[in-house]
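Morning, everyone. Let me put the model up, and then we will go through a few contacts.

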Amino acid sequence: MPPRLLCAFLSLFLLAAGIKAQAQTAGGDPGEWRHGATLFGELKYADRFDHYDHANPQAPKGGIFHQVASGGFDSFNPFIVRGRAAPGLTYAGGILWDTLFDQSIDQPSAAYGLIAEAFRYPADFSYATYRIDDRARWHDGEPITPEDVIWSLEVLKENHPLYANYYRNVVSAERTGAREVTFRFDVTGNRELPLILGDLPVLPKHWWTAVGPDGKPRDISQPTTEPPLGSGPYRIKTFTTGQSVTYERVADYWAADLGPRRGRFNFDEIRYLEFADQNAEWEAFKKGGIEDLWRENRSQRWAEEYNFPAFVKGDVKRNAFRTDGPEPYQAYYFNTRRAKFQDRRVREALQLLFDFETMNKNLFFGLYTRTDSYFEGGELQSQGLPQGRELEILETYRGRIDERVFSEPFTLPVINAPSDTRAVQRRAAKLFREAGYTLKGGKLLDPSGQPFKIEILGDDPTDERIALPYIEKLRPLGIEASLRIVDTAQYKNRLDNYDFDLVGTVFVQSLSPGNEQREYWSASAGKVPGGRNLAGISDPVVDDLVEKIIVATDRDELVALTRALDRVLKFGFYTIPQWHNPEEWYAWWRQLQIPDNQPGYTGLDVWSIWIDADVEKELAR
């Protein structure tokens with residue numbers, strides 16, 4: 001090589017090496033490569049583990065898994081607010097797209113390599129580098145590249161408030177090696193941020209930025225009914241928009257033999273059929289051939305209605321799977337953006353009037369437990385009076401939060417007798433009077449003299465079972481309440497634009513809360529369409545606690561901060577907490593084979609199930 005060219009080559013080599021060294025040392029030693037990580041405790045599985053303990057690596061592949069969905073769909077793009085994504089697709093990718101890391105199915109706050117085989121980060125948590133598995137492929141055979149990862153982060157943050165909040169502190173992503181992407185943060189000490197980047201669904205840049213079959217450029221910011229290119233265990237086979245969609249297993253799926261995938265995703269096809277309401281779905285399940293696995297969410301049905309012919313014959317089985325993970329938080333959310341709910345005393349009065357005990361006895365056969373914490377189940381929920389470090393944290397906000405936080409345990413009323421009902425009504429009436437409300441002619445009038453009215457928003461006729469008893473409890477105080485059932489499209493549109501008074505929903509917290517708390521509670525999240533701060537909470541104290549949770553230095557500090565947040569939220573009376581079930585109830589047709597020793601953290605891993613082909617044929621006959 002001529003000296004001049006050699007010098008130029010060496011200069012470029014040294015420049016590239018310098019750039020990489022700068023990337024690796026900007027936050028100090030990048031640390032060792034890790035095949036997985038957990039935010040607390042020890043990681044359960046070693047590098048290159050064969051399969052999850054409950055999964056059967058010899059599970060046969062084959063058969064058709066029938067499922068029912070409700071509400072219709074009009075898009076295969078789940079990464080934007082607009083549109084209703086098809087069943088099987090979620091904002092986390094679903095069965096069509098893989099993520100950098102795969103969240104563990106049997107250990108909380110843990111994840112293992114998927115698209116990325118390993119990651120590393122420095123001691124100050126100022127950046128993270130992910131190394132892509134050289135086997136990772138799109139369904140068209142093209143390799144998954146650092147450019148795909150970088151582009152995915154950019155477009156997801158641009159198009160969905162969830163990712164904008166979740167990855168708010170990620171300020172850049174750059175290629176720092178042939179198979180490496182380095183994410184840089186604008187903060188240090190965010191312990192979970194390096195790991196949760198593994199939750200990033202990776203999208204094919206070359207497909208989304210190309211021209212579609214209609215001759216027009218594809219647009220990730222818009223709904224689409226063109227089946228997208230994926231990387232996951234399934235691809236879209238056939239569909240009828242709004243009615244049905246069938247996925248087929250990818251025979252040469254690149255990750256089929258990785259530990260998080262081995263023995264799972266065993267169905268050859270998954271067929272989703274859309275139904276109008278849950279009662280129709282239940283009737284379809286009982287007949288067979290339309291829905292193979294039913295997750296039961298009605299205690300009355302669980303207690304009284306498993307007497308249909310297929311169950312009596314033994315063709316349908318059922319089981320209650322005990323869970324040891326966090327309990328779901330189910331509640332009615334007040335829309336505090338509306339003037340009628342901006343007074344805390346009004347919200348507290350309405351919360352008091354929810355009679356759980358009578359509903360549990362008359363409707364739920366005593367099978368449910370009242371939920372009284374946003375972090376129900378485990379060490380994160382606040383109880384009794386604040387003590388120790390939690391009290392120290394709350395003291396810094398004294399004068400800015402309800403004084404009862406320091407002097408009274410948060411309790412929900414217990415209504416077991418008529419005298420309890422009257423006592424609750426007196427307390428609620430007193431709160432309304434203090435807020436300037438008056439009772440005149442049997443109607444409760446707000447401070448402006450207008451009748452106080454509430455509309456509960458629902459999307460299924462079964463919502464009546466909860467709403468109507470509550471509406472009856474409001475009438476003695478002169479409150480005019482009603483239930484409005486709308487179709488799924490209207491429901492989603494109204495939620496996305498916060499067009500409701502009161503709405504019921506369910507979400508599950510993490511055992512290691514962090515960046516996602518912004519999406520639930522921050523003032524900024526409550527102002528962006530499609531966010532998850534449904535109540536519209538806008539409280540500087542809540543915002544401050546959330547930011548402190550995100551950068552908590554250790555587990556003890558995280559627990560204390562989370563308990564403080566829980567307590568502040570509870571005394572904000574932003575919701576009407578309902579109930580939870582410590583078990584997951586499932587029924588299934590007997591061709592489905594469910595491995596023993598299902599993970600307690602999740603209750604049932606649906607993707608570990610396989611189909612007995614002989615039984616499938618027998619039932620078909």
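First, a term: buried means under 20% relative accessible area, exposed means over 50%, and partly exposed is in between, with a 1.4 Å probe and protein chains only. This is a predicted model, where local features need pLDDT of at least 70, side-chain atom pairs count only at pLDDT 80 or more, and totals for chains, interfaces and linings use all residues. Residues are numbered from 1 along each chain as its sequence is written, and side-chain values use heavy atoms, with hydrogens and water left out.

Trp 254 is buried, at a relative accessible area of 13%. Tyr 253 is buried too, at 8%.

Now the rings. Rings of Phe, Tyr and Trp (its six-membered ring) pair if their centres lie within 6.5 Å; planes under 30 degrees apart are stacked, over 60 edge-to-face, and the rest tilted. That rule gives 59 aromatic pairs. One of them is Tyr 253 with Trp 254. This pair is edge-to-face, with 6.4 Å between centres and 70° between planes.

Next, Phe 354 and Tyr 470. Their rings are tilted, 5.5 Å centre to centre, with 50° between the planes. Where do Phe 354 and Tyr 470 sit in the chain? Phe 354 is in the loop between α9 (344-352) and α10 (356-362), and Tyr 470 is in helix α14 (residues 464-474). They are 116 residues apart, so the pair links distant parts of the chain. Helices here are DSSP runs (H or I, at least four residues), strands likewise (E, at least two), numbered from the N terminus. Phe 354 is buried at 0% relative accessibility. Tyr 470 is buried at 1%.

On to Tyr 333, in strand β14 (residues 328-334). Tyr 333 is buried, at 4% relative accessible area. Contact means heavy atoms within 4.5 Å. Leaving out residues up to four places away in sequence, Tyr 333 touches residues including Phe 500, Asp 501, Leu 534 and Tyr 574. Phe 500 is 167 residues from Tyr 333 along the chain, yet their C-alpha atoms are separated by 9.6 Å.

Last, a helix pair. The axes of α11 (residues 388-395) and α18 (residues 555-570) come within 8 Å and cross at roughly 55°. Axes are lines fitted to C-alpha atoms, for helices over the stretch in contact, and angles run from 0 to 180 degrees between N-to-C directions. So α11 is oblique to α18; under 35 degrees is roughly parallel, over 145 roughly antiparallel, 65 to 115 roughly perpendicular, and the rest oblique.
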